Amino acid sequence: MEPKSPQASKTIMTDTVLPSETNAIHTLFGGELLARMDRAASISAQRHSGQIVVTASVNHVAFKHAVPLGSIVTVEAKVSRAFKSSMEVYIDVWVDNKTSKRSVTVSYTHLRAHETSLH
């Protein structure tokens with residue numbers, strides 16, 4: 001496999017926070033944000049490897065700020081390292097809302113995705 005830069009796998013997903021995705025205090029469920037991150041990471045890893053991938057582990061996630069209803073959430077993922085049967089995906093999340101612009105919500109996570117073949 002030819003070496004690829006992180007830019008080759010860069011995936012950016014932008015979406016808004018809807019009422020059905022929020023908790024009782026009208027902020028985004030943490031699990032909903034994790035699902036968005038996992039989708040972006042999966043696309044990034046698939047772009048890099050050309051294979052279907054599954055998430056094997058997540059090293060670290062730090063929720064620094066609540067994400068209010070109506071906010072615009074941007075998830076950026078890119079493969080930072082690739083190994084023989086796994087990859088490390090770096091993810092950043094930003095939030096645009098009424099009170100702040102482009103504030104970092106999740107500092108980083110390293111997700112190791114394993115390639116899998118469909119039989």
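A residue is termed buried when its relative accessible area is under 20%, exposed when it is over 50%, and partly exposed in between, with a 1.4 Å probe and protein chains only. By this criterion, Leu-33, Arg-36, Met-37, Ala-40, Ala-41, Ser-44, Ala-45, His-48 and Ser-49 of helix α1 are buried. The structure is a predicted model, in which local features need pLDDT of at least 70 and side-chain atom pairs count only at pLDDT 80 or more, whereas totals for chains, interfaces and linings use all residues. Residues are numbered from 1 along each chain as its sequence is written, and side-chain values use heavy atoms, with hydrogens and water left out.

The chain averages a pLDDT of 82, and 82% of the residues score at least 70. Among the elements, strand β1 (residues 11-16) has the highest mean pLDDT (97) and strand β5 (residues 103-106) the lowest (50). Where pLDDT is low, the predicted coordinates should not be read in detail.

Of the 119 residues in the protein chain, 34% are buried. The accessible surface, computed by the Shrake-Rupley method with a 1.4 Å probe and, for residues, with only the protein chains shown counted as cover, comes to about 6,900 Å², of which 56% belongs to carbon and sulfur atoms. Among contacts (heavy atoms within 4.5 Å) between residues at least 6 apart in sequence, 67% join residues at least 24 apart.

A nonpolar core is defined as a set of buried Ala, Val, Leu, Ile, Met, Phe, Trp, Tyr and Cys residues joined through side-chain atoms within 4.5 Å. The largest such core has 18 residues, and those with the most contacts inside it are Val-73, Val-75, Val-89, Ile-91 and Val-93. At least two residues of this core are supplied by each of α1 (30-49), β3 (72-82) and β4 (86-96). Leaving aside neighbours within four places in sequence, Val-75 is in contact with Thr-11, Ile-12, Met-13, Arg-36, Met-37, Ala-40, Ile-91, Asp-92 and Val-93.

Helix α1 has 20 residues and reaches 28 Å from its first C-alpha to its last, close to the 28 Å expected at 1.5 Å a residue, the expected span being 1.5 Å times one less than the number of residues. Just after α1, Gly-50 takes a positive phi of about 75°. In the loop between β1 and α1, His-26 has a positive phi of about 60° although it is not a glycine.

Thr-22 also lies in the loop between β1 and α1 and is buried, with a relative accessible area of 11%. The side chain of Thr-22 reaches the backbone oxygen of Pro-19 at 2.9 Å. Beyond neighbours within four places in sequence, Thr-22 is in contact with Val-17, Thr-27, Leu-28, Phe-29 and Leu-69.

Asp-15, in strand β1, is partly exposed at 41% relative accessibility. Residues up to four places away not counted, Asp-15 touches Arg-36, Ser-71, Ile-72 and Val-73; from Ser-71, Asp-15 is 56 residues apart in sequence and 8.5 Å apart in space, C-alpha to C-alpha. Val-67, in the loop between β2 (52-58) and β3, is buried at 5% relative accessibility, and its C-alpha is 9.7 Å from that of Trp-94, 27 residues apart in sequence.

Key
Helix = DSSP H or I, 4+ residues; strand = E, 2+ residues; numbered from the N terminus. pLDDT = per-residue confidence, 0-100. Polar contact = N/O pair within 3.5 Å; in protein donor to acceptor, adjacent residues only side chain to side chain.
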